[in-house]
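Work through the exercises below with the model open in a viewer. Each task is followed by its solution in steps.

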Amino acid sequence: MPKVPKATSPKPKDKAQGSSGRESLKAKKQRAQRILAVMEQLYPQAATELQHKNPFELLIATVLSAQATDASVNKATPALFQRYPDAFALAQATPEEVEPYIKTIGLYRSKARNIVLLARRLVEQHGGEVPVDKAKLRALPGVGWKTATVVLGAAFGVPGIAVDTHLTRLAARLGLSAQKDPEKIGGDLERLFPKEKWVFVHHALILFGRYRCTARKPQCPGCPLYDDCLSQGAW
Ligand code: SF4
């Protein structure tokens with residue numbers, strides 16, 4: 001169990017401030033290293049919670065997960081993938097035929113349209129396979145920077161820190177990035193963590209944000225990151 005932090009612990013920003021009053025990059029990297037060590041202890045097997053058997057299923061599930069919970073996507077995808085097991089099958093469908101399979105997921109109409117168009121594009125331009133290329137992925141319907149980075153990392157091991165709502169919140173609370181744009185936050189995080197850990201950091205921080213440092217009720221007392229968090233005691 002993580003140790004309960006002492007109320008008198010100096011805040012990291014106090015420990016690491018230089019004469020300018022700002023935390024140095026070196027100090028921030030040292031904090032990131034300690035945060036990584038805690039994540040590796042807490043979530044040694046951190047991985048996406050979206051159920052999938054191959055890159056195609058992960059791509060579709062990730063598109064469906066936009067503004068929806070992984071749990072809601074996992075409830076819908078087994079029947080969807082049984083009916084449409086690959087890009088060729090899904091490309092033959094109409095959005096109206098797909099809608100009943102995903103109607104429990106938010107924005108299901110536009111998502112049905114996107115995944116059918118996406119499957120058609122995969123068939124027409126990529127032989128039905130998911131391209132291992134960020135620019136090609138981003139050119140697909142419903143696929144943005146975050147989805148492309150998630151799929152490349154989780155399906156192919158391509159290094160990258162995709163930033164979702166959890167990572168945005170964690171990066172701010174931990175004082176690892178002052179940026180608002182997810183792509184820029186990802187860039188800040190990639191400068192702080194070793195490249196071979198980028199995919200792990202993405203998955204581990206999602207789990208930490210989902211179950212510990214939640215949006216409304218972060219569990220600060222006893223938090224294993226307490227001494228390295230710039231928001232300690234703010235809740
Ligand atoms: S101390 Fe609180 S705000 Fe900081 S990481 Fe832990 S739970 Fe989140």
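**Exercise 1: the pair α6 and α7**

In the contact between these helices, P95, V98, E99 and I102 of α6 meet Y108, R109, K111, A112, R113, I115 and V116 of α7; two residues are in contact if their C-beta atoms, placed from the backbone, lie within 7 Å. The model is a predicted one, in which local features need pLDDT of at least 70 and side-chain atom pairs count only at pLDDT 80 or more, while totals for chains, interfaces and linings use all residues. Residues are numbered from 1 along each chain as its sequence is written.

Task: state how the axes of α6 and α7 are oriented to each other, and give the classes of the contact residues.

Solution. 
1. Helices (H or I, at least four residues) and strands (E, at least two) are DSSP runs, numbered from the N terminus.
2. Axes are lines fitted to C-alpha atoms, for helices over the stretch in contact, and angles run from 0 to 180 degrees between N-to-C directions. The axes of α6 and α7 come within 9 Å and cross at roughly 125 degrees.
3. Angles under 35 degrees count as roughly parallel, over 145 as roughly antiparallel, 65 to 115 as roughly perpendicular and the rest as oblique. The two helices, α6 and α7, are therefore oblique to each other.
4. The crossing of α6 and α7 is right-handed. A crossing is right-handed if the near helix is turned clockwise from the far one by less than a right angle, and left-handed if anticlockwise.
5. By class, the contact of α6 with α7 has seven nonpolar, no polar and four charged residues. Here Ala, Val, Leu, Ile, Met, Phe, Trp, Tyr, Cys and Pro count as nonpolar, Asp, Glu, Lys and Arg as charged, and the others, Gly among them, as polar.

**Exercise 2: helix α3**

Task: find which residues of α3 are buried, and which helices they pack against.

Solution. 
1. A residue is buried if 20 or more other C-beta atoms lie within 10 Å of its own, exposed if 12 or fewer, and partly exposed in between.
2. In α3, the buried residues are F56, E57, L58, L59, I60, A61, T62, V63 and L64. Since nine of the 10 residues of α3 (residues 55–64) are buried, the helix is largely enclosed by the rest of the structure.
3. Their packing partners are α4 (70–83), α5 (87–91), α6 (95–102), α7 (108–126) and α9 (145–156).
4. For α7, the axis comes within 10 Å of that of α3, and the two cross at roughly 155 degrees. That makes α3 roughly antiparallel to α7.
5. I60, V63 and L64 of α3 make this contact with K111, N114, I115 and L118 of α7. By class there are five nonpolar, one polar and one charged residues.

**Exercise 3: the annotated cysteines**

Task: locate the residues of the "binding site" annotation and describe the surroundings of C213 and C229.

Solution. 
1. In an unreviewed entry, UniProt annotates C213, C220, C223 and C229 as "binding site". They span 17 residues in sequence, yet no two of their C-alpha atoms are more than 10.9 Å apart, so they gather at one spot. UniProt positions are in the numbering used here, feature names are shortened, and annotations may be inferred rather than shown by experiment.
2. C213 lies in the segment after α12 (198–211). With 22 C-beta neighbours inside 10 Å, C213 is buried.
3. Not counting residues up to four places away in sequence, C213 touches L170, R173, F208 and P218.
4. C229 also lies in the segment after α12, and is buried with 23 C-beta neighbours inside 10 Å.
5. Leaving aside neighbours within four places in sequence, C229 is in contact with R173, L174 and C223.
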